[in-house]
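Here is a short briefing on one helix and one metal site. Have the sequence and the model open as you read.

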Amino acid sequence: MTIQPAGIHHVTAVASDPQANADFYLSALGMRMVKRTVNFDSPDTYHFYYGDSAGHPGTIMTFFPWPGAPKGRHGAGQATTTAFSVPEGSIGWWETHLAKRGVETTRPAERMEEDVLALRDPDGLFIELVASPDHHDTDPWDGGGVPAEHAVRGIRSVTLTEHDLDRTARMLGDHLNFRLHAEEGNRYRFRTAAAGTAVGTVVDVVADPRAPRGLVAAGTVHHVAYRAPDADAQVAWRTELANLGIGVTEVRDRQYFQSIYFREPGGVLLEIATDGPGFDYDEPLLELGRALRLPPWLEPQRSDIERALPSIKTEG
Ligand code: ZN
């Protein structure tokens with residue numbers, strides 16, 4: 001393929017209670033809310049974006065919190081675990097920090113020579129913290145009570161659970177530039193060389209022919225987005241996918257990036273998102289995430305939208 005993707009841009013998941021979601025990602029994981037907006041396709045619900053202090057691509061975890069949403073089912077055709085990169089030597093600190101907040105953690109046996117701490121968010125989403133040196137390009141946020149020396153650096157990887165390894169491996173190699181790097185049991189690790197030691201350069205595929213089909217609802221990942229450097233590259237990429245007969249959407253305006261969507265053969269919804277214009281497009285960097293931001297086409301409905309959204313507290 002002609003396009004050289006630079007790894008994961010963001011991961012989007014479904015939550016239920018918006019306050020519990022914000023408390024967990026802002027206080028327990030110490031990330032920054034870099035955008036407080038609504039689901040553009042369903043503006044009566046929030047869309048929260050968490051990331052590093054500048055909202056760099058590759059550090060972004062986003063949620064659609066639907067109050068009262070039923071629980072989803074983890075399973076095949078789904079990104080079943082999202083891992084965040086933390087500095088090497090920080091896992092012990094995180095164990096203590098999370099225990100103080102009543103968050104249960106387990107420390108699986110070392111995996112692929114990495115130190116891993118596993119936990120769940122309030123909706124049961126599988127989260128891991130992985131000690132890794134691969135995050136030289138992000139700005140840790142220390143405004144959430146986690147000191148910069150231990151702070152989450154960004155997305156480390158996603159784990160896709162699949163019935164069939166081969167067809168997903170082909171998609172990762174042919175269209176996303178991820179190559180098989182290591183394997184351990186039924187876990188196959190793919191890395192993209194294009195991004196060097198940036199965040200978001202790892203995708204694990206766990207091959208499990210007996211796993212139930214995943215069901216997207218609260219506590220599950222909705223889609224995984226990969227980075228396109230700019231709009232031209234994205235259009236070229238879209239053309240290439242369409243020419244191969246892969247069902248890909250038109251380009252959609254997400255304000256902070258432009259997006260296209262398609263599914264990998266196992267069923268996981270993928271997105272290609274541009275690096276720009278970024279989260280300081282409609283508010284200054286210092287004020288990211290404090291106020292509800294709406295795209296211009298939703299501004300006329302602001303008072304109705306604000307009335308329908310539950311209020312949440314994120315400061316003080
Ligand atoms: Zn997305």
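The buried residues of α4 are covered by elements that include α3 (165-176), β13 (221-228), β15 (258-263) and β16 (269-274). Contact here means heavy atoms within 4.5 Å. Helices (H or I, at least four residues) and strands (E, at least two) are DSSP runs, numbered from the N terminus.

This is a predicted model: local features need pLDDT of at least 70, side-chain atom pairs count only at pLDDT 80 or more, and totals for chains, interfaces and linings use all residues. Residues are numbered from 1 along each chain as its sequence is written, and side-chain values use heavy atoms, with hydrogens and water left out.

**Helix α4**
- Ala233, Gln234, Trp237, Glu240 and Leu241 are buried in α4 (under 20% relative accessible area; exposed is over 50%, partly exposed in between; 1.4 Å probe, protein chains only).
- These residues lie on the same side of α4, because they cover an arc of only 125 degrees around the axis (taken from the directions from the helix axis to the C-beta atoms).
- Asp232 and Asn243 are exposed, on the face turned away from the buried side of α4.

**Ends of α4**
- At the start, a side-chain oxygen of Asp230 comes within 3.2 Å of the backbone nitrogen of Asp232.
- Just after α4, Gly245 has a positive phi of about 85 degrees.

**Zinc site**
- His10 (NE2), His223 (NE2) and Glu271 (OE) coordinate the zinc ion at 1.9 to 2.0 Å.
- Donors are N, O and S atoms within 2.8 Å of the metal (3.2 Å for Na, K and Ca); water is not among the atoms, so sites may look incomplete.
- His223 is in strand β13 and Glu271 in strand β16, so the pair ties together parts 48 residues apart in sequence.
- His223 is buried at 5% relative accessible area, and Glu271 is buried at 1%.

Notes: A polar contact is a pair of N or O atoms within 3.5 Å; within protein, one must be able to donate a hydrogen and the other to accept it, and residues adjacent in sequence count only if both atoms are side-chain atoms.
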